[in-house]
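Have a look at the model first, then read on.

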Amino acid sequence: MKKAFLFFAMVAVSFHVKAQSSESNTYWQVKVDFLEPIVNQSIVARLDYGFGRHIVGLVGGFGGQISEFDNAQFDTYEDKINFRLGAEYQYFLSPKKQNRGFFVGGDIDFGTRTIESKVSSESVENIGVFTPGLWFGYLWKPFKKANLYVDLTIIHPRYTFGDIEKVEFQTNATPYEPENLFNFLGPWSIGWRF
């Protein structure tokens with residue numbers, strides 16, 4: 001009887017210690033994409049929950065435009081972002097608790113856009129758009145004592161689909177057709193863990 005009680009007590013203690021160690025390896029973080037205001041004149045924020053080598057979170061943003069780097073028809077059309085809302089996932093490649101290192105991840109956003117002609121007053125508003133993307137990047141913690149983190153994207157392919165694939169205009173013979181991208185322009189984020 002004593003041996004059985006001792007065995008179950010040891011099992012209970014080991015589960016408790018494991019639960020404590022797993023809890024200490026979890027965190028929340030808030031981030032903003034610091035390239036978006038500069039390149040696209042938009043605001044994008046992220047709320048993430050991290051556990052071990054994984055991060056899941058929500059993405060939200062509003063305003064701005066697709067930059068000239070992203071749009072082959074930039075001289076003819078302006079692709080404006082009304083809002084975006086989505087989910088993201090990130091996985092750290094190092095098996096250790098992450099203060100810095102490489103990661104892979106991805107997200108999918110839903111949003112609406114307005115396409116405006118630069119040669120006339122015509123526009124097509126509130127086009128529903130889905131944009132999944134993948135990224136490979138590096139996490140950097142610039143200060144040892146502060147919980148400030150910077151995500152630097154190295155590669156970021158993404159694909160846009162929805163009613164925006166081909167937007168017809170009466171005043172322009174050539175329709176607007178956005179490019180699918182393989183670039184280095186985001187998400188580049190800076191944020192705080194707690």
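Starting at the N terminus, the elements of the protein chain go α-β-α-β-β-β-β-β-β-β-β-β. That gives two helices and 10 strands, where helices (H or I, at least four residues) and strands (E, at least two) are DSSP runs, numbered from the N terminus. Keep in mind that this is a predicted model: local features need pLDDT of at least 70, side-chain atom pairs count only at pLDDT 80 or more, and totals for chains, interfaces and linings use all residues. Residues are numbered from 1 along each chain as its sequence is written, and side-chain values use heavy atoms, with hydrogens and water left out.

**The chain as a whole**

Of the 194 residues in the protein chain, 38% are buried. Buried means under 20% relative accessible area, exposed means over 50%, and partly exposed is in between (1.4 Å probe, protein chains only). The protein chain exposes about 11,400 Å², and carbon and sulfur atoms supply 66% of that; areas come from the Shrake-Rupley method with a 1.4 Å probe, and for residues only the protein chains shown count as cover. As for contacts (heavy atoms within 4.5 Å), among those between residues at least 6 apart in sequence, 62% join residues at least 24 apart.

**Aromatic rings**

The structure holds 12 aromatic pairs. Rings of Phe, Tyr and Trp (its six-membered ring) pair if their centres lie within 6.5 Å; planes under 30 degrees apart count as stacked, over 60 as edge-to-face and the rest as tilted.

| Pair | Centres | Planes | Type |
|---|---|---|---|
| Trp-28 and Tyr-49 | 5.0 Å | 55 degrees | tilted |
| Phe-102 and Tyr-138 | 5.0 Å | 70 degrees | edge-to-face |

The pair of Trp-28 in strand S1 (residues 26–33) and Tyr-49 in strand S2 links parts of the chain 21 residues apart. Trp-28 is partly exposed at 41% relative accessibility, and Tyr-49 is also partly exposed, at 29%. In the other pair, Phe-102 sits in strand S5 and Tyr-138 in strand S6 (residues 123–140), 36 residues apart. Phe-102 has a relative accessible area of 39%, so it counts as partly exposed, and Tyr-138 is partly exposed at 24%.

There is also an aromatic cluster, formed by Phe-83, Phe-110, Phe-130, Tyr-159 and Phe-161.

**A nonpolar surface patch**

Which residues form the nonpolar patch on the surface? They are Ile-43, Phe-62, Phe-83, Leu-85, Ile-108, Phe-110 and Phe-130, with about 650 Å² of accessible area together. Patches are made of residues with over 30% relative accessible area and no salt bridge; like charges are joined within 9 Å, nonpolar side chains (Val, Leu, Ile, Met, Phe, Trp, Tyr) within 5 Å. A salt bridge is a side-chain nitrogen of Lys or Arg within 4 Å of a carboxyl oxygen of Asp or Glu. Strand S4 (77–92) and strand S5 (101–117) are the elements that give two or more residues to the patch. Ile-43 belongs to strand S2 (residues 43–51) and is partly exposed, with a relative accessible area of 41%.

Gly-50 is in strand S2 and is buried at 0% relative accessibility. Leaving out residues up to four places away in sequence, Gly-50 touches Asn-25, Thr-26, Tyr-27 and Ile-55.

Ser-189 lies in strand S10 (residues 189–193) and is buried, with a relative accessible area of 2%. Its side chain makes a polar contact with the side chain of Asp-33 (2.6 Å). A polar contact is a pair of N or O atoms within 3.5 Å; within protein, one must be able to donate a hydrogen and the other to accept it, and residues adjacent in sequence count only if both atoms are side-chain atoms.
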